[in-house]
Amino acid sequence: GRDVGSVTNLWCNLVLATKYRRPVLQEIEQSVYDAFREVEKVSDFKIIETNAEDGNHIYLALKMSPRYSVSLMVNRIKGITTHLVWGREPQLISRFHWKGKKALCHIEP
């Protein structure tokens, strides 16, 4: 017989919290969503759902290929999104961070 093979997808639900739980997302939520979509275009995952709450954390549901680790995808999302959003909203974000640290979010345990 013919070996059809199989397709496997990994589904992930992530909670990304802003650094120090500062409510920076209240003013830049759309920029973050737009950045997520840009990362999605150049990555091997599909965003199923996003939802920001309280201005300090965002839920992200992904469907991705299991050939990459979840931590690799999370680091990719965080790195590219932070770079894009800092480039678009430097005045707003700099009010919430200091010492030149350009971290926008971290993963909730």
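Tutor: In this predicted model, buried means under 20% relative accessible area, exposed means over 50%, and partly exposed lies in between.

Student: Why is Glu38 called partly exposed?

Tutor: Its relative accessibility is 31%.

Student: What makes Glu38 and Arg88 a salt bridge?

Tutor: The rule asks for a side-chain nitrogen of Lys or Arg within 4 Å of a carboxyl oxygen of Asp or Glu. Glu38 and Arg88 meet at 2.2 Å, N to O. The pair links distant parts of the chain, with Glu38 in helix α1 and Arg88 in helix α2, 50 residues apart.

Student: How do you know that Glu40 is buried?

Tutor: Glu40 has 12% relative accessibility. Buried means under 20%, so Glu40 counts as buried. Its salt-bridge partner Lys46 lies 3.8 Å away, N to O. Lys46 is partly exposed, at 44%.

Student: Which residues are linked with Glu40 in a network of salt bridges?

Tutor: Arg37 and Lys46 are linked with Glu40 in that network.

Student: What makes Asp44 and Arg67 a salt bridge?

Tutor: The closest N and O atoms are 2.7 Å apart, and the cut-off is within 4 Å. Asp44 lies in the loop between α1 and β2, and Arg67 in the loop between β3 and α2, so the pair ties together parts that are 23 residues apart in sequence.

Student: Why is Arg67 called exposed?

Tutor: Arg67 has 62% relative accessibility. Exposed means over 50%, so Arg67 counts as exposed. Asp44, at 27%, is partly exposed.

Student: How many salt bridges does the rule give?

Tutor: The count comes to four.

Technical notes
Residues are numbered from 1 along each chain as its sequence is written. This is a predicted model: local features need pLDDT of at least 70, side-chain atom pairs count only at pLDDT 80 or more; totals for chains, interfaces and linings use all residues. Side-chain values use heavy atoms; hydrogens and water are left out. Helices (H or I, at least four residues) and strands (E, at least two) are DSSP runs, numbered from the N terminus. Buried means under 20% relative accessible area, exposed over 50%, partly exposed in between (1.4 Å probe, protein chains only).
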